[in-house]
Amino acid sequence: MVSHEYFQELISMYALGAVGDAERKQVQAHLSECAACRKSLRQEQAAVNTLPFSVAPVEPSQETKLKLFARVDADLAQNHAAHVPQRAMKQTARRAWFAQPVFAFAVLALVALLAIGGWMVLQNLESPEQQAIASIMNDPLVQKISLAGTPDAPDAWGEMYMVPGQSRAVLKVGGLASLPSDKGYEFWFFRGGEPQPSDVFTVNADGTNTVLVNARDKVENFKGWGVTIEPRQGVEKPTGTIVIVGGL
Ligand SMILES: [Zn+2]
């Protein structure tokens, strides 16, 4: 007779789909009569479900990883022992519940977890700008400011996301035309009516983009913002068409 403690240990593997047929049936039978294990399963499933969709890196719990490692370790040992009398193996019609398929599933689950971990590392290394953008957008103190297109660019819109105390912000724009390669959209921070130059950006084929814009002071010290069309390398004072503006 298999104990409740045994199933408690198996639940995280079950949630990952890392158990064999026989085990799955055992777990399902036990779940139907054990509320504590049903609760554990809901928690494990919630954790598993967050894995592929998270923007921020989510590590599988240390406990889950240790359980998986221990499982693979134990199964390797069992598997190795089972291989010694190879003829006996073949003759064994009724294999123990912990035989090969379980080992294979556990290895697959472990590989999947490591792959997810590696993918997150890659994501993080790949684009520091994306990471900085996500960090501002996810900050609990983030403030959103709507910017509008001017009569020269009536379809244009902008949204600025800023966190007080920082000297850069996230700018989302849309409805902007593609520019010749020697031109760019330059962002401006206004203080006391004086525009201070920020970054020059381009837009995607659909007229949108999300970029980091750097200010020469903390973002909360500016009360107005704008976008103009300028030479690609940027200018110190606005000279071109104003396409987006906003102010407090
Ligand atoms: Zn139970």
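Which residue in strand 3 is the bridge partner of Glu-159?

Analyst: The bridge partner of Glu-159 is Lys-172, which belongs to strand 3. Please note that the model is a predicted one. This pair belongs to the pairing of strand 2 with strand 3, which is antiparallel and holds five bridges. The hairpin of these two strands has five residues between them, and there Gly-165 takes a positive phi near 100°.

The protein contains seven helices and eight strands. Eight strands form an open sheet, and their order across it is 5-4-7-8-1-2-3-6, with antiparallel pairing. At the edges stand strand 5 (194-201) and strand 6 (209-214), each of which pairs on one side only. From one strand to the next, the twist averages 25°.

Strand 1, residues 143-149, pairs with strand 2 in the antiparallel sense over six bridges. Here Leu-147 stands opposite Gly-158 of strand 2. Strand 1 is also joined to strand 8 by two bridges, and these two strands run antiparallel. The bridge partner of Gly-149 in strand 8 is Ile-244. Val-173 has Asn-209 as its bridge partner in strand 6.

Gly-174 is also found in strand 3. Is Gly-174 buried, exposed or partly exposed? A residue counts as buried when 20 or more other C-beta atoms lie within 10 Å of its own, and as exposed when there are 12 or fewer. Gly-174 has 18 other C-beta atoms within 10 Å and is therefore partly exposed. Not counting residues up to four places away in sequence, Gly-174 touches Trp-157, Gly-207 and Thr-208. Gly-174 and Asp-206 are 32 residues apart in sequence, yet their C-alpha atoms are 7.9 Å apart in space.

On another part of the sheet, strand 4 and strand 7 pair over eight bridges in the antiparallel sense. Glu-186 stands opposite Thr-228 in strand 7. The loop between strand 7 and strand 8 contains Gln-233. This residue, Gln-233, has 9 other C-beta atoms within 10 Å and is therefore exposed. Gln-233 and Phe-201 are 32 residues apart in sequence and 9.8 Å apart from C-alpha to C-alpha.

We turn next to the nonpolar residues. In soluble globular proteins, nonpolar side chains tend to be buried together. The largest nonpolar core has 24 residues, of which Met-160, Ala-169, Leu-171, Trp-225, Val-243 and Ile-244 touch the most other members. The elements that give two or more residues to this core are strand 2 (157-162), strand 3 (168-174), strand 4 (183-191), strand 7 (224-231) and strand 8 (242-247). Leaving aside neighbours within four places in sequence, Met-160 is in contact with Ile-145, Leu-147, Ala-169, Leu-171 and Trp-225.

Helix 1 covers residues 4-15, and its 12 residues should span 16 Å at 1.5 Å a residue; the end C-alpha atoms are 16 Å apart, which agrees. Its buried residues are Phe-7, Leu-10, Ile-11, Ser-12, Met-13, Tyr-14 and Ala-15. Just after helix 1, Gly-17 has a positive phi of about 75°.

In helix 2, which covers residues 21-31, Glu-23, Val-27 and His-30 are the buried residues. Viewed down the axis of helix 2, these buried residues fall within an arc of 65°, so they line one face of the helix. An α-helix has 3.6 residues a turn, so residues three or four places apart point the same way. The face of helix 2 turned away from the buried side carries the exposed residues Asp-21, Lys-25, Gln-28 and Ala-29.

Two figures describe the protein as a whole. Of its 248 residues, 22% count as buried. Among contacts with a separation of 6 or more, 62% are between residues 24 or more positions apart.

Terms used:
Residues are numbered from 1 along each chain as its sequence is written. This is a predicted model: local features need pLDDT of at least 70, side-chain atom pairs count only at pLDDT 80 or more; totals for chains, interfaces and linings use all residues. Helices (H or I, at least four residues) and strands (E, at least two) are DSSP runs, numbered from the N terminus. The arc is that of the directions from the helix axis to the C-beta atoms. A nonpolar core is a set of buried Ala, Val, Leu, Ile, Met, Phe, Trp, Tyr and Cys residues joined through C-beta atoms within 7 Å. Two residues are in contact if their C-beta atoms, placed from the backbone, lie within 7 Å. Two strands pair if DSSP finds at least two bridges between them. The expected span of a helix is 1.5 Å times one less than its number of residues. Axes are lines fitted to C-alpha atoms, for helices over the stretch in contact, and angles run from 0 to 180 degrees between N-to-C directions.
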